[in-house]
Amino acid sequence: MTVFHFFNCAILTFGPHAVYYSATPLSEYDTLWTSIKAAVVYLFTALVKLVCLATFLNVSESESDNFDPYQELLKALFGFIEVAGLYFALTQLTHRNISQNHKFQAVGLGWAFADSVLHRLVPLWFGARGLEFTWDYILQGLEANANLVFSISLAALGSLMWLRKNKPKTLIPIIYACAGIVATMPTITSYLRRGLGWHLPKVVGFELFSSLLIAFISWQLFVACQRPSN
């Protein structure tokens with residue numbers, strides 16, 4: 001039963017990444033290497049971010065469950081290290097002859113998969129095989145799905161910011177605002193959990209809803225930027 005629960009949670013956590021790759025044109029255009037390179041860039045930026053957090057943050061055990069605005073502000077600022085890594089992955093890495101549409105999807109997919117492996121594989125391996133059933137790892141899998149949507153949305157917004165030159169000027173503030181919201185989402189969820197006392201199911205529900213909303217807005221922005229300007 002414990003092994004069955006582990007595999008169910010693992011499929012829920014990592015399965016959507018494989019489904020997305022197989023069900024979209026990414027598999028037809030052989031963009032797997034692009035996703036792998038994006039995952040490597042993510043791991044490097046996560047290491048840099050971890051070093052910065054360990055250097056500049058000082059969180060005691062008594063403060064670990066409380067929302068500290070100063071500490072969370074620093075975390076949000078260091079979170080933009082990942083944005084810089086995403087910029088590098090989108091603009092500096094050499095890609096196969098794939099379109100801009102497929103490039104940002106491949107980069108976002110690799111980004112999200114590396115994040116799930118780094119932050120969820122070990123807890124899942126040691127926790128989901130426990131003797132007692134818990135919903136925490138199912139919620140963790142749902143959270144990974146929300147993060148997949150967030151990552152692809154952020155890659156799409158980054159593609160519009162850094163690769164699309166002839167975008168309408170009226171949409172630029174909206175693009176940057178949406179990218180800022182996605183980049184600071186960990187701080188937002190931390191405030192909901194520690195500042196407002198939301199339980200994990202409510203936080204995950206918020207992440208799922210907001211990820212779908214951001215994905216819809218990002219899609220509309222991408223479509224609007226592809227229309228020929230008058």
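This is a predicted model: local features need pLDDT of at least 70, side-chain atom pairs count only at pLDDT 80 or more; totals for chains, interfaces and linings use all residues.

Trainee: Why is Asn145 called buried?

Mentor: Asn145 has 17% relative accessibility, and buried means under 20%, so Asn145 counts as buried. Asn145 is found in helix H5, and, setting aside residues up to four places away in sequence, Asn145 touches Leu12, Thr13 and Pro16.

Trainee: What makes Glu82 and Lys49 a salt bridge?

Mentor: Their closest N and O atoms are 3.3 Å apart. The cut-off is within 4 Å, between a side-chain nitrogen of Lys or Arg and a carboxyl oxygen of Asp or Glu, so the label applies. This pair links distant parts of the chain, with Glu82 in helix H3 and Lys49 in helix H2, 33 residues apart. Both Glu82 and Lys49 are buried.

Trainee: How do you know that Glu72 and Arg194 form a salt bridge?

Mentor: Apply that cut-off again: the closest N and O atoms are 3.5 Å apart, and the limit is within 4 Å, so the pair qualifies. Glu72 sits in helix H3 and Arg194 in helix H7, 122 residues apart. Lys75 joins in too, as Glu72, Lys75 and Arg194 are linked in a network of salt bridges.

Trainee: What makes Arg120 and Asp115 buried?

Mentor: Arg120 has a relative accessible area of 9% and Asp115 has 11%. A search of the whole structure finds five salt bridges.

Trainee: Which residues have the most contacts inside the largest nonpolar core?

Mentor: Leu86, Phe104, Ile175 and Leu221, in a core of 41 residues. H5 gives the most to this core, with 10 residues.

Trainee: What is Phe104 in contact with, leaving aside its neighbours within four places in sequence?

Mentor: Leu90, Ile152, Ala155, Ala156, Ser159 and Phe222. Apart from that core lies another, of six residues, among them Cys9, Ala10, Phe14 and Tyr137.

Methods:
Residues are numbered from 1 along each chain as its sequence is written. Side-chain values use heavy atoms; hydrogens and water are left out. A nonpolar core is a set of buried Ala, Val, Leu, Ile, Met, Phe, Trp, Tyr and Cys residues joined through side-chain atoms within 4.5 Å. Buried means under 20% relative accessible area, exposed over 50%, partly exposed in between (1.4 Å probe, protein chains only). Helices (H or I, at least four residues) and strands (E, at least two) are DSSP runs, numbered from the N terminus. Contact means heavy atoms within 4.5 Å.
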